[in-house]
Amino acid sequence: MTVPANLVQSIRAFRVVELQEEAARLGHHFLYAHPLAGTTKQQVLGLIAESFQFPKGIGKNFDGLRETLTTTMAAAGHQEGFLVVLEQLPNAQKFDKEARETLLDVFRDAADYWAEKQVPFRVFYSFE
């Protein structure tokens, strides 16, 4: 509750179980992914989409993920809020620092989108 409503930040001192409990307490969706096994952009995005239980094919590119995290989820009806955990984002030759930053930018865009709608969208991440 002490964390701003719309942000993307390192998980730092937070524990996943505590974040999940807080999401439940607040009535927010808890989205968790551990995409460490991915070595390419498509694999990492696929693991995230699968973990979030998005329809097949959604996570094939950054634009598709951005669209799903914003307008597609908004079209599903009223949303109380979201708490997202991306644990152990990989550091691989085909999913390098630039790809990780682009992925985090997608989540920053989603946080901005939901901020305009006054819906909390908090993202916590860690790296391998």
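A salt bridge is a side-chain nitrogen of Lys or Arg within 4 Å of a carboxyl oxygen of Asp or Glu. I kept that cut-off in mind while going through this predicted model.

**Entry: the network.** I looked for linked salt bridges. Asp63, Arg66 and Asp109 are joined in a network of them.

**Entry: the total.** How many salt bridges does a search of the whole structure find? I noted six.

**Entry: helix H1.** I turned to Arg25 and Glu22. They form a salt bridge, and their closest N and O atoms are 2.7 Å apart. Where do the two residues sit relative to each other? Both lie in helix H1, which covers residues 16-26. They are three residues apart, so about one helical turn separates them.

**Entry: Glu18.** Next I looked up the partner of Glu18. The side chain of Glu18 meets that of Arg15 in a salt bridge, at 3.3 Å from N to O. Glu18 has 38% relative accessibility, so I wrote it down as partly exposed.

**Entry: Glu101 and Arg108.** Which side chain does Glu101 meet in a salt bridge? The partner is Arg108, and the N to O distance is 3.7 Å. I then looked up accessibility for each residue. Glu101 is partly exposed, at 31% relative accessibility. Arg108 is partly exposed too, with a relative accessible area of 27%.

Side chains of opposite charge can pair when their charged atoms come close.

Note on methods: Residues are numbered from 1 along each chain as its sequence is written. This is a predicted model: local features need pLDDT of at least 70, side-chain atom pairs count only at pLDDT 80 or more; totals for chains, interfaces and linings use all residues. Side-chain values use heavy atoms; hydrogens and water are left out. Buried means under 20% relative accessible area, exposed over 50%, partly exposed in between (1.4 Å probe, protein chains only). Helices (H or I, at least four residues) and strands (E, at least two) are DSSP runs, numbered from the N terminus.
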